[in-house]
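Trainee: Could you take one part of this chain and go through it closely, setting it against the chain as a whole?

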Amino acid sequence: MLSKEEEVKRSRLWRIVMSVSSVLIIVIAAFFLVKMFRSNPLEGTWKNEESDMVITIKGSNSLTVSIPEALEGEGIKISLDYSMDKDEKTISIKMNEAAKEKAIVGSDGRLTGKAIESAASSLLTTFDYSVDQKELTLTEREYGEQMMFIKE
């Protein structure tokens, strides 16, 4: 009689352990599936080896471009907006007017709106993107020019 009660307890404990571990496995799998399909593949900091341009892409549809020695030996840091289509694998980059005005005011008159736009002109278009491990390739849709970036 004593062994039968222990067997019932063991069986109940085994069912509890299996139920908890099954639920835990399902939750972890769901987390990774959601992360895989909802995450931004371009998010992070990317550096162009040729021009030393650094692009920092954030998940909130904004990116920051640092262009060293863009104008008369002076570096520029510009905030831009982007929209991305994951199905088509395209990214469209646009000038953020509020950030442009902030950069002009913060430069104490050294920068003008045209100077900022000319420094970022190579990025203000729509690109096809390709990510291969830690390498990002942006291909301009109109002319096919490519820019290669390495993830930092």
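Mentor: What follows looks at one residue and then at the chain around it. This is a predicted model, in which local features need pLDDT of at least 70 and side-chain atom pairs count only at pLDDT 80 or more, while totals for chains, interfaces and linings use all residues. Residues are numbered from 1 along each chain as its sequence is written, and side-chain values use heavy atoms, with hydrogens and water left out.

The residue is Glu140, which lies in strand β7, residues 135–140 (strands are DSSP runs of E of at least two residues, helices runs of H or I of at least four, both numbered from the N terminus). Glu140 is buried but takes part in no salt bridge, and the nearest side chain of opposite charge, that of Arg141, is 10 Å away. Here buried means under 20% relative accessible area with a 1.4 Å probe, counting protein chains only, and a salt bridge is a side-chain nitrogen of Lys or Arg within 4 Å of a carboxyl oxygen of Asp or Glu. Once neighbours within four places in sequence are set aside, Glu140 is in contact, meaning heavy atoms within 4.5 Å, with Thr125, Thr126, Phe127 and Glu145.

As for the chain, its secondary structure comprises 3 helices and 8 strands, arranged along the sequence as α-β-β-β-β-β-α-α-β-β-β. Of its 152 residues, 28% count as buried, and among contacts with a separation of 6 or more, 40% join residues 24 or more positions apart. The C-alpha trace spans about 90 × 35 × 25 Å along its principal axes.

Notes
Buried < 20%, exposed > 50% of the residue type's maximum accessible area, 1.4 Å probe, protein only. Lys, Arg positive; Asp, Glu negative; His and termini not counted.
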